[in-house]
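Hi there,

Here is the structure I promised to pass on. My notes on it follow below; have a look whenever you have a moment.

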Amino acid sequence: MKFRNFKMVSYVVYGRGSFNQLDEILAPQRKGDAPMIFLVDHFFNGKPLASRIPLRGKDKIVFADVTYEPKTTQVDALAKQLKDEFGTVSGVIGIGGGSTMDLAKAVGLMMTNPGSSADYQGWDLVKVPGVYKAGIPTLSGTGAEVSRTTVLTGPTRKLGMNSDFTPFDQIVLDPELTADAPINQRFYTGMDCYIHCIESLEGTFLNEFSKSYGEKALQLCQKVYVERDHWDAESDEMLMMASYAGGMSIAYSQVGVAHAVSYGLSYLLGTKHGIGNCIVMNHLEEYYPAGVKEFKYMVEKNNIEIPTGICKGLSDADFEKMMDVSMGLKPLWENALGKDWEKIMTRDKLRRLFEKL
Ligand code: NAD
Ligand code: ZN
(Lines give C-alpha, C1' and ligand atoms only; values in the text may rest on other atoms or scores of the structure.)
(Ligands and ions follow the chains in the order given, each with its own letter.)
Protein backbone atom coordinates (compact mmCIF):
# COMPACT_ATOMS: atom_id res chain seq x y z
CA MET A 1 0.00 0.00 0.00
CA LYS A 2 1.40 3.36 -1.03
CA PHE A 3 -0.15 6.27 0.84
CA ARG A 4 -0.83 9.49 -0.93
CA ASN A 5 1.38 12.33 0.27
CA PHE A 6 -0.42 15.34 -1.02
CA LYS A 7 0.42 18.99 -1.33
CA MET A 8 -2.12 21.40 0.10
CA VAL A 9 -2.87 25.09 -0.31
CA SER A 10 -0.21 27.01 1.64
CA TYR A 11 -2.22 29.90 3.07
CA VAL A 12 -5.92 30.30 3.78
CA VAL A 13 -7.76 33.39 4.93
CA TYR A 14 -11.44 33.04 5.77
CA GLY A 15 -14.08 35.57 6.68
CA ARG A 16 -16.64 38.03 5.48
CA GLY A 17 -14.70 41.02 4.14
CA SER A 18 -11.34 39.19 4.02
CA PHE A 19 -11.07 40.22 0.36
CA ASN A 20 -10.13 43.66 1.69
CA GLN A 21 -6.84 42.19 2.95
CA LEU A 22 -5.73 41.18 -0.54
CA ASP A 23 -3.30 44.08 -1.03
CA GLU A 24 -1.53 43.26 2.22
CA ILE A 25 -1.48 39.53 1.43
CA LEU A 26 0.05 40.06 -2.02
CA ALA A 27 2.65 42.66 -1.02
CA PRO A 28 5.38 40.18 0.10
CA GLN A 29 4.82 38.11 -3.06
CA ARG A 30 5.68 40.94 -5.46
CA LYS A 31 8.95 40.43 -7.31
CA GLY A 32 10.42 43.82 -8.24
CA ASP A 33 8.13 45.53 -10.69
CA ALA A 34 6.75 42.32 -12.21
CA PRO A 35 2.97 42.73 -12.12
CA MET A 36 0.25 40.74 -10.41
CA ILE A 37 -2.28 39.52 -12.96
CA PHE A 38 -5.87 39.38 -11.78
CA LEU A 39 -7.78 36.88 -13.84
CA VAL A 40 -11.38 37.80 -13.11
CA ASP A 41 -14.62 36.07 -14.13
CA HIS A 42 -16.15 38.18 -16.93
CA PHE A 43 -19.36 38.44 -14.90
CA PHE A 44 -17.58 41.06 -12.77
CA ASN A 45 -16.63 43.33 -15.66
CA GLY A 46 -18.10 46.71 -14.66
CA LYS A 47 -19.27 45.38 -11.26
CA PRO A 48 -18.16 46.87 -7.91
CA LEU A 49 -15.85 43.92 -7.12
CA ALA A 50 -13.61 44.80 -10.08
CA SER A 51 -12.96 48.27 -8.66
CA ARG A 52 -11.98 46.79 -5.28
CA ILE A 53 -9.02 44.90 -6.80
CA PRO A 54 -5.81 46.34 -5.27
CA LEU A 55 -3.88 47.27 -8.43
CA ARG A 56 -0.29 48.49 -8.10
CA GLY A 57 2.31 49.45 -10.72
CA LYS A 58 1.93 47.44 -13.91
CA ASP A 59 -0.74 45.12 -12.42
CA LYS A 60 -3.41 44.10 -14.86
CA ILE A 61 -6.97 42.82 -14.73
CA VAL A 62 -7.76 40.25 -17.42
CA PHE A 63 -11.42 39.30 -17.66
CA ALA A 64 -11.81 35.58 -18.27
CA ASP A 65 -14.49 34.44 -20.68
CA VAL A 66 -16.01 31.43 -18.94
CA THR A 67 -18.94 30.94 -21.30
CA TYR A 68 -17.35 27.56 -21.95
CA GLU A 69 -15.28 25.60 -19.46
CA PRO A 70 -11.50 26.15 -19.69
CA LYS A 71 -9.67 24.80 -22.71
CA THR A 72 -5.96 24.13 -23.16
CA THR A 73 -5.97 26.54 -26.13
CA GLN A 74 -7.41 29.30 -23.91
CA VAL A 75 -4.76 28.66 -21.23
CA ASP A 76 -1.95 28.69 -23.79
CA ALA A 77 -3.21 31.92 -25.37
CA LEU A 78 -3.48 33.67 -22.00
CA ALA A 79 0.00 32.56 -20.90
CA LYS A 80 1.46 33.66 -24.24
CA GLN A 81 -0.26 37.03 -24.02
CA LEU A 82 1.23 37.62 -20.55
CA LYS A 83 4.71 36.44 -21.53
CA ASP A 84 4.67 38.66 -24.64
CA GLU A 85 3.50 41.68 -22.68
CA PHE A 86 5.47 41.34 -19.43
CA GLY A 87 8.10 38.63 -19.81
CA THR A 88 7.50 37.51 -16.29
CA VAL A 89 4.80 38.23 -13.70
CA SER A 90 4.76 38.15 -9.90
CA GLY A 91 1.65 36.03 -9.76
CA VAL A 92 -1.75 35.09 -11.14
CA ILE A 93 -4.81 35.69 -8.98
CA GLY A 94 -8.01 33.92 -10.05
CA ILE A 95 -11.26 35.54 -8.93
CA GLY A 96 -14.42 33.68 -9.93
CA GLY A 97 -16.06 30.27 -10.01
CA GLY A 98 -14.33 26.94 -10.60
CA SER A 99 -13.66 27.81 -14.25
CA THR A 100 -11.77 31.01 -13.46
CA MET A 101 -9.87 29.43 -10.58
CA ASP A 102 -8.82 26.53 -12.83
CA LEU A 103 -7.74 28.96 -15.54
CA ALA A 104 -5.63 30.86 -13.01
CA LYS A 105 -3.93 27.68 -11.79
CA ALA A 106 -3.19 26.53 -15.33
CA VAL A 107 -1.96 29.92 -16.58
CA GLY A 108 0.23 30.26 -13.47
CA LEU A 109 1.84 26.90 -14.31
CA MET A 110 2.23 27.69 -18.00
CA MET A 111 4.17 30.90 -17.22
CA THR A 112 7.19 28.70 -16.45
CA ASN A 113 6.54 25.27 -18.02
CA PRO A 114 7.45 24.90 -21.73
CA GLY A 115 5.11 23.72 -24.49
CA SER A 116 1.33 23.51 -24.33
CA SER A 117 -0.88 22.89 -21.29
CA ALA A 118 -2.19 19.87 -23.25
CA ASP A 119 1.22 18.24 -22.71
CA TYR A 120 0.55 18.23 -18.97
CA GLN A 121 -2.98 16.79 -18.87
CA GLY A 122 -2.61 13.81 -16.60
CA TRP A 123 -1.02 12.94 -13.28
CA ASP A 124 2.31 14.46 -12.18
CA LEU A 125 3.47 15.59 -15.60
CA VAL A 126 4.14 19.20 -14.54
CA LYS A 127 7.86 19.39 -13.77
CA VAL A 128 8.60 22.89 -12.47
CA PRO A 129 6.66 25.20 -10.14
CA GLY A 130 4.64 27.91 -11.81
CA VAL A 131 4.48 31.51 -10.62
CA TYR A 132 2.70 32.45 -7.36
CA LYS A 133 -1.02 31.62 -7.59
CA ALA A 134 -3.97 32.72 -5.49
CA GLY A 135 -7.61 31.67 -5.76
CA ILE A 136 -10.65 33.65 -4.67
CA PRO A 137 -13.97 31.83 -5.16
CA THR A 138 -17.13 33.75 -6.06
CA LEU A 139 -19.22 30.57 -6.26
CA SER A 140 -19.11 27.74 -3.73
CA GLY A 141 -19.10 24.06 -4.48
CA THR A 142 -16.44 22.84 -6.87
CA GLY A 143 -13.65 22.61 -4.31
CA ALA A 144 -11.33 23.91 -7.05
CA GLU A 145 -9.97 26.30 -4.41
CA VAL A 146 -8.31 23.39 -2.57
CA SER A 147 -7.73 20.75 -5.23
CA ARG A 148 -4.43 19.68 -6.83
CA THR A 149 -5.90 19.75 -10.31
CA THR A 150 -7.13 22.15 -12.95
CA VAL A 151 -9.67 20.58 -15.28
CA LEU A 152 -9.06 21.39 -18.95
CA THR A 153 -10.61 20.34 -22.22
CA GLY A 154 -7.78 19.59 -24.61
CA PRO A 155 -7.47 18.39 -28.20
CA THR A 156 -8.05 14.75 -27.27
CA ARG A 157 -9.41 14.65 -23.75
CA LYS A 158 -10.93 16.40 -20.80
CA LEU A 159 -8.41 15.93 -18.03
CA GLY A 160 -6.70 17.97 -15.36
CA MET A 161 -3.13 19.09 -14.89
CA ASN A 162 -2.93 17.11 -11.68
CA SER A 163 0.31 17.79 -9.82
CA ASP A 164 1.96 18.98 -6.62
CA PHE A 165 2.58 22.33 -8.32
CA THR A 166 -1.10 22.86 -9.10
CA PRO A 167 -2.60 23.88 -5.71
CA PHE A 168 -2.88 27.56 -4.94
CA ASP A 169 -0.27 29.24 -2.73
CA GLN A 170 -3.05 31.28 -1.17
CA ILE A 171 -6.84 31.22 -1.08
CA VAL A 172 -9.13 33.97 0.11
CA LEU A 173 -12.47 32.60 1.30
CA ASP A 174 -14.81 35.57 1.59
CA PRO A 175 -18.45 34.42 1.64
CA GLU A 176 -19.63 37.92 0.78
CA LEU A 177 -18.36 37.38 -2.78
CA THR A 178 -20.89 34.61 -3.45
CA ALA A 179 -23.91 36.58 -2.26
CA ASP A 180 -25.25 37.67 -5.63
CA ALA A 181 -24.86 34.45 -7.58
CA PRO A 182 -27.99 33.50 -9.54
CA ILE A 183 -30.14 30.90 -7.75
CA ASN A 184 -29.85 28.21 -10.43
CA GLN A 185 -26.07 28.54 -10.75
CA ARG A 186 -25.69 28.52 -7.00
CA PHE A 187 -27.72 25.33 -6.86
CA TYR A 188 -25.80 23.52 -9.61
CA THR A 189 -22.41 24.46 -8.19
CA GLY A 190 -23.59 23.70 -4.63
CA MET A 191 -24.76 20.28 -5.81
CA ASP A 192 -21.28 19.64 -7.20
CA CYS A 193 -20.20 19.73 -3.56
CA TYR A 194 -23.10 17.55 -2.41
CA ILE A 195 -22.25 15.01 -5.11
CA HIS A 196 -18.53 15.09 -4.16
CA CYS A 197 -19.61 14.14 -0.63
CA ILE A 198 -21.89 11.28 -1.69
CA GLU A 199 -19.33 9.90 -4.12
CA SER A 200 -16.54 10.12 -1.57
CA LEU A 201 -18.54 8.75 1.37
CA GLU A 202 -20.05 5.91 -0.66
CA GLY A 203 -16.76 5.07 -2.40
CA THR A 204 -14.38 2.17 -1.79
CA PHE A 205 -11.39 4.53 -1.34
CA LEU A 206 -12.93 6.04 1.80
CA ASN A 207 -10.78 6.43 4.91
CA GLU A 208 -11.20 8.42 8.14
CA PHE A 209 -9.35 11.40 6.68
CA SER A 210 -11.72 11.90 3.78
CA LYS A 211 -14.71 10.78 5.84
CA SER A 212 -14.17 13.47 8.46
CA TYR A 213 -14.25 16.20 5.81
CA GLY A 214 -16.94 14.53 3.70
CA GLU A 215 -19.36 14.15 6.59
CA LYS A 216 -18.92 17.78 7.62
CA ALA A 217 -19.39 19.02 4.07
CA LEU A 218 -22.48 16.85 3.62
CA GLN A 219 -23.97 18.15 6.85
CA LEU A 220 -23.42 21.76 5.73
CA CYS A 221 -25.02 21.07 2.33
CA GLN A 222 -28.01 19.51 4.07
CA LYS A 223 -28.37 22.53 6.36
CA VAL A 224 -28.32 24.87 3.38
CA TYR A 225 -30.49 22.94 0.93
CA VAL A 226 -32.69 20.68 3.07
CA GLU A 227 -33.23 22.29 6.46
CA ARG A 228 -33.28 26.01 5.75
CA ASP A 229 -36.15 27.79 4.05
CA HIS A 230 -34.34 30.93 2.98
CA TRP A 231 -30.96 32.02 1.71
CA ASP A 232 -28.93 34.49 3.75
CA ALA A 233 -25.37 35.43 4.71
CA GLU A 234 -25.09 32.34 6.87
CA SER A 235 -26.01 30.13 3.89
CA ASP A 236 -23.14 31.66 1.90
CA GLU A 237 -20.78 31.02 4.82
CA MET A 238 -21.86 27.41 5.26
CA LEU A 239 -21.69 26.58 1.57
CA MET A 240 -18.23 28.12 1.25
CA MET A 241 -16.92 25.86 4.01
CA ALA A 242 -18.82 22.89 2.56
CA SER A 243 -17.00 23.43 -0.72
CA TYR A 244 -13.64 23.57 1.07
CA ALA A 245 -14.32 20.44 3.15
CA GLY A 246 -15.79 18.59 0.16
CA GLY A 247 -12.61 19.34 -1.79
CA MET A 248 -10.48 18.11 1.13
CA SER A 249 -12.54 14.94 1.27
CA ILE A 250 -11.89 14.01 -2.36
CA ALA A 251 -8.22 14.95 -2.01
CA TYR A 252 -7.86 11.67 -0.14
CA SER A 253 -10.50 9.65 -1.99
CA GLN A 254 -12.07 10.11 -5.41
CA VAL A 255 -15.31 11.08 -7.06
CA GLY A 256 -17.55 8.44 -8.62
CA VAL A 257 -20.28 7.53 -11.09
CA ALA A 258 -21.91 10.98 -11.49
CA HIS A 259 -18.58 12.60 -12.35
CA ALA A 260 -17.43 9.79 -14.65
CA VAL A 261 -20.62 10.04 -16.71
CA SER A 262 -20.83 13.82 -16.55
CA TYR A 263 -17.32 14.14 -18.02
CA GLY A 264 -18.57 12.22 -21.07
CA LEU A 265 -21.48 14.66 -21.52
CA SER A 266 -19.21 17.60 -21.09
CA TYR A 267 -16.68 16.35 -23.63
CA LEU A 268 -19.23 15.75 -26.38
CA LEU A 269 -22.00 18.24 -25.63
CA GLY A 270 -20.14 20.92 -23.66
CA THR A 271 -22.51 20.40 -20.71
CA LYS A 272 -21.15 22.40 -17.78
CA HIS A 273 -19.83 20.57 -14.75
CA GLY A 274 -22.43 21.47 -12.11
CA ILE A 275 -25.52 20.99 -14.24
CA GLY A 276 -24.03 17.90 -15.92
CA ASN A 277 -23.51 16.25 -12.54
CA CYS A 278 -27.12 17.05 -11.61
CA ILE A 279 -28.44 15.60 -14.90
CA VAL A 280 -26.59 12.36 -14.17
CA MET A 281 -27.29 12.22 -10.41
CA ASN A 282 -31.02 12.29 -11.22
CA HIS A 283 -30.65 8.74 -12.62
CA LEU A 284 -28.24 7.09 -10.19
CA GLU A 285 -30.64 5.44 -7.71
CA GLU A 286 -28.96 2.12 -8.34
CA TYR A 287 -25.58 3.38 -7.14
CA TYR A 288 -26.41 6.02 -4.53
CA PRO A 289 -29.99 5.31 -3.37
CA ALA A 290 -30.10 7.55 -0.28
CA GLY A 291 -28.11 10.37 -1.89
CA VAL A 292 -30.29 10.42 -5.00
CA LYS A 293 -33.47 10.46 -2.93
CA GLU A 294 -32.23 13.45 -0.97
CA PHE A 295 -30.93 15.09 -4.14
CA LYS A 296 -34.40 14.87 -5.71
CA TYR A 297 -35.91 16.35 -2.58
CA MET A 298 -33.51 19.30 -2.73
CA VAL A 299 -34.26 19.84 -6.43
CA GLU A 300 -37.96 20.04 -5.67
CA LYS A 301 -37.65 22.09 -2.52
CA ASN A 302 -35.45 24.66 -4.26
CA ASN A 303 -37.68 24.79 -7.36
CA ILE A 304 -34.93 23.76 -9.73
CA GLU A 305 -35.57 22.27 -13.14
CA ILE A 306 -33.05 19.57 -14.10
CA PRO A 307 -32.89 19.16 -17.90
CA THR A 308 -33.84 15.77 -19.32
CA GLY A 309 -33.59 14.18 -22.75
CA ILE A 310 -30.22 15.74 -23.55
CA CYS A 311 -28.96 12.58 -25.29
CA LYS A 312 -32.00 12.26 -27.56
CA GLY A 313 -31.08 11.89 -31.21
CA LEU A 314 -27.37 11.31 -30.66
CA SER A 315 -25.67 8.89 -33.06
CA ASP A 316 -23.96 5.62 -32.13
CA ALA A 317 -20.63 7.34 -32.75
CA ASP A 318 -21.59 10.07 -30.28
CA PHE A 319 -22.46 7.52 -27.60
CA GLU A 320 -19.21 5.68 -28.27
CA LYS A 321 -17.22 8.91 -27.83
CA MET A 322 -18.93 9.73 -24.53
CA MET A 323 -18.43 6.20 -23.29
CA ASP A 324 -14.72 6.29 -24.22
CA VAL A 325 -14.22 9.47 -22.21
CA SER A 326 -16.21 8.11 -19.29
CA MET A 327 -14.64 4.62 -19.23
CA GLY A 328 -11.17 6.19 -19.38
CA LEU A 329 -11.67 7.59 -15.87
CA LYS A 330 -10.62 4.36 -14.21
CA PRO A 331 -9.91 5.65 -10.67
CA LEU A 332 -13.44 7.11 -10.49
CA TRP A 333 -15.04 3.79 -11.41
CA GLU A 334 -12.78 1.87 -9.12
CA ASN A 335 -13.69 4.14 -6.25
CA ALA A 336 -17.40 3.81 -7.02
CA LEU A 337 -17.67 0.12 -7.79
CA GLY A 338 -14.51 -1.56 -6.52
CA LYS A 339 -11.61 -3.32 -8.22
CA ASP A 340 -13.91 -5.41 -10.41
CA TRP A 341 -15.76 -2.38 -11.72
CA GLU A 342 -15.36 -3.42 -15.35
CA LYS A 343 -17.52 -6.46 -14.69
CA ILE A 344 -20.23 -4.27 -13.15
CA MET A 345 -20.19 -1.27 -15.49
CA THR A 346 -20.14 -2.86 -18.93
CA ARG A 347 -20.31 -0.68 -22.04
CA ASP A 348 -23.86 -1.93 -22.58
CA LYS A 349 -24.92 -0.81 -19.16
CA LEU A 350 -23.21 2.55 -19.53
CA ARG A 351 -24.89 3.07 -22.90
CA ARG A 352 -28.31 2.49 -21.31
CA LEU A 353 -27.45 5.01 -18.60
CA PHE A 354 -26.42 7.66 -21.16
CA GLU A 355 -29.64 7.01 -23.11
CA LYS A 356 -31.71 7.84 -20.04
CA LEU A 357 -30.15 11.29 -19.53
P1 NAD B 1 -18.16 28.54 -13.41
O2 NAD B 1 -16.89 29.03 -12.86
O3 NAD B 1 -18.11 27.79 -14.71
O4 NAD B 1 -19.17 29.77 -13.53
C5 NAD B 1 -20.52 29.54 -13.90
C6 NAD B 1 -21.20 30.86 -14.23
O7 NAD B 1 -21.38 31.64 -13.05
C8 NAD B 1 -20.40 31.73 -15.18
O9 NAD B 1 -21.29 32.29 -16.10
C10 NAD B 1 -19.81 32.81 -14.28
O11 NAD B 1 -19.58 34.00 -14.99
C12 NAD B 1 -20.88 32.96 -13.24
N13 NAD B 1 -20.48 33.48 -11.91
C14 NAD B 1 -19.39 33.16 -11.16
N15 NAD B 1 -19.44 33.78 -9.96
C16 NAD B 1 -20.58 34.52 -9.95
C17 NAD B 1 -21.20 35.38 -8.99
N18 NAD B 1 -20.69 35.57 -7.76
N19 NAD B 1 -22.36 35.97 -9.34
C20 NAD B 1 -22.92 35.75 -10.55
N21 NAD B 1 -22.39 34.94 -11.49
C22 NAD B 1 -21.23 34.34 -11.19
O23 NAD B 1 -18.93 27.62 -12.36
P24 NAD B 1 -18.46 26.60 -11.25
O25 NAD B 1 -19.56 25.64 -11.10
O26 NAD B 1 -17.95 27.30 -10.04
O27 NAD B 1 -17.20 25.90 -11.88
C28 NAD B 1 -17.28 24.86 -12.83
C29 NAD B 1 -15.88 24.61 -13.31
O30 NAD B 1 -15.08 24.13 -12.26
C31 NAD B 1 -15.77 23.59 -14.43
O32 NAD B 1 -14.90 24.08 -15.41
C33 NAD B 1 -15.18 22.38 -13.75
O34 NAD B 1 -14.42 21.58 -14.63
C35 NAD B 1 -14.33 23.01 -12.70
N36 NAD B 1 -14.08 22.15 -11.54
C37 NAD B 1 -12.80 22.06 -11.11
C38 NAD B 1 -12.48 21.27 -10.03
C39 NAD B 1 -11.07 21.18 -9.58
O40 NAD B 1 -10.78 20.43 -8.66
N41 NAD B 1 -10.15 21.91 -10.15
C42 NAD B 1 -13.47 20.58 -9.35
C43 NAD B 1 -14.79 20.69 -9.81
C44 NAD B 1 -15.07 21.49 -10.90
ZN1 ZN C 1 -17.19 18.10 -9.28
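**The two ligand sites**

In this predicted model, a side-chain N or O atom of serine 99 sits 2.6 Å from an oxygen atom of ligand 1, a polar contact (a pair of N or O atoms within 3.5 Å). Serine 147 also places a polar side-chain atom 2.6 Å from a ligand 1 oxygen, while threonine 149 brings a backbone N or O atom to 3.1 Å from a ligand 1 nitrogen. On its own, ligand 1 exposes 870 Å², and the protein buries 92% of that (Shrake-Rupley areas, 1.4 Å probe).

The shell around ligand 1 holds 27 residues, each with a heavy atom within 4 Å. Domain 1 (11-178) and domain 2 (183-356) each give at least three residues to this shell; the domain bounds come from an automatic or database assignment.

Now the metal. The zinc ion (ligand 2) is coordinated at 2.1 to 2.2 Å by Asp192 (OD), His196 (NE2), His259 (NE2) and His273 (NE2); donors are N, O and S atoms within 2.8 Å of the metal (3.2 Å for Na, K and Ca), and water is not among the atoms, so sites may look incomplete. Aspartate 192 and histidine 196 are about one helical turn apart because they are four residues apart in helix α5 (helices are DSSP runs of H or I, at least four residues).

On conventions, residues count from 1 along each chain as its sequence is written, chains are lettered from A and ligands numbered from 1 in written order. Local features need pLDDT of at least 70 and side-chain atom pairs pLDDT 80 or more, while totals for chains, interfaces and linings use all residues, and side-chain values use heavy atoms, without hydrogens and water.

Best wishes

Technical notes: A polar contact is a pair of N or O atoms within 3.5 Å; within protein, one must be able to donate a hydrogen and the other to accept it, and residues adjacent in sequence count only if both atoms are side-chain atoms. Helices (H or I, at least four residues) and strands (E, at least two) are DSSP runs, numbered from the N terminus.
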